[in-house]
Amino acid sequence: MRFALIAVSILSVAAWGQESSDPGTAAAIRALEKQWTVGQARNDNRALDMIFDNALVYVEYGRLLSKGEYLSRIKGQPTNLDQISMEPMSVRTFGDTAIVVGTYTESQVIRGKRTMQQWRFVDTWVYKKKGWVLVAAAAAPVSK
């Protein structure tokens, strides 16, 4: 019985260690998330193109968008988006994959009136030869 308890304890610690995020990777992923928000707020497709994988799949309002469709939407978006504020996020790594869960708030002026919308997101990053790239993302507005 004692051996079984020790084995379960060791396996639990080993499994937890695989899912925890090392500080360097978490910091790198958070910096990329920040680059994404700045690039989107500035309609900077060049910056976004560098961090998005070519096979990116983005889910928004239940609709699937490819990298090209997402970039086209950002490019054609009015620049009335004043600010995207990132809120605390969780970064978990699993080998060469990182999962980010968090929220952000968009602030913009529409017809002279300031609006704010909070979003919840899940992003999937994969480490490839040239560094971390975003391969999948989903965002949904938070209901008030």
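**Note on a predicted single-chain model**

1. N43 sits in the loop between α2 and α3; helices (H or I, at least four residues) and strands (E, at least two) are DSSP runs numbered from the N terminus. The phi of N43 is near 55°, a positive value in a residue other than glycine. Most residues other than glycine have a negative phi. N43 counts as buried because its relative accessibility is 18% (buried is under 20% relative accessible area, exposed over 50%, partly exposed in between, with a 1.4 Å probe and protein chains only).

2. The model is predicted: local features need pLDDT of at least 70 and side-chain atom pairs count only at pLDDT 80 or more, while totals for chains, interfaces and linings use all residues. Residues are numbered from 1 along each chain as its sequence is written, and side-chain values use heavy atoms, with hydrogens and water left out.

3. On confidence, the chain averages a pLDDT (the predictor's confidence in each residue, from 0 to 100) of 82, and 82% of the residues score at least 70. Over residues 1-19 pLDDT stays under 50, and the model has five contacts beyond four places in sequence for this stretch (a contact is heavy atoms within 4.5 Å).

4. Four helices and six strands make up the elements of the chain. Their order from the N terminus is α-α-α-β-β-α-β-β-β-β. Of the contacts with a separation of 6 or more, 50% are between residues 24 or more positions apart. Of the 144 residues in the chain, 35% are buried.

5. The largest nonpolar core holds 26 residues, and I29, W36, F52, Y58, Y70 and W125 have the most contacts inside it (a core is a set of buried Ala, Val, Leu, Ile, Met, Phe, Trp, Tyr and Cys residues joined through side-chain atoms within 4.5 Å). Two or more residues of this core come from each of α2 (23-41), α3 (45-51), β1 (52-60), α4 (67-76), β3 (81-94), β4 (97-110), β5 (113-128) and β6 (131-141). Leaving out residues up to four places away in sequence, W125 touches partners including I29, L32, I51, V100 and W132.

6. One cavity of 30 Å³ or more turns up in a search of the whole structure (on a 1 Å grid over the protein atoms alone, a cavity is a set of points where a 1.4 Å probe fits but cannot get out; lining residues have an atom within 4 Å of a point). The largest cavity has a volume of about 110 Å³ (the space filled by probe spheres set on the points, which are joined across faces, edges and corners). Its lining has 13 residues, with W36, T37, Q40, Y58 and Y104 nearest the centre. Elements giving two or more residues to that lining are α2, β3, β5 and β6; α2 supplies the largest share, four residues.

7. Y61 also has a phi near 55°, a positive value in a residue other than glycine. Y61 lies in the loop between β1 and β2 (63-66). With a relative accessible area of 61%, Y61 is exposed.

8. R92 belongs to strand β3. Its relative accessibility is 31%, so R92 counts as partly exposed. R92 and D22 are 70 residues apart in sequence, yet 8.4 Å apart in space, C-alpha to C-alpha.

Technical notes. 1 Å grid on protein atoms, 1.4 Å probe; cavity = no way out; pocket = protein on both sides within 12 Å on 5 of 7 lines; lining within 4 Å.
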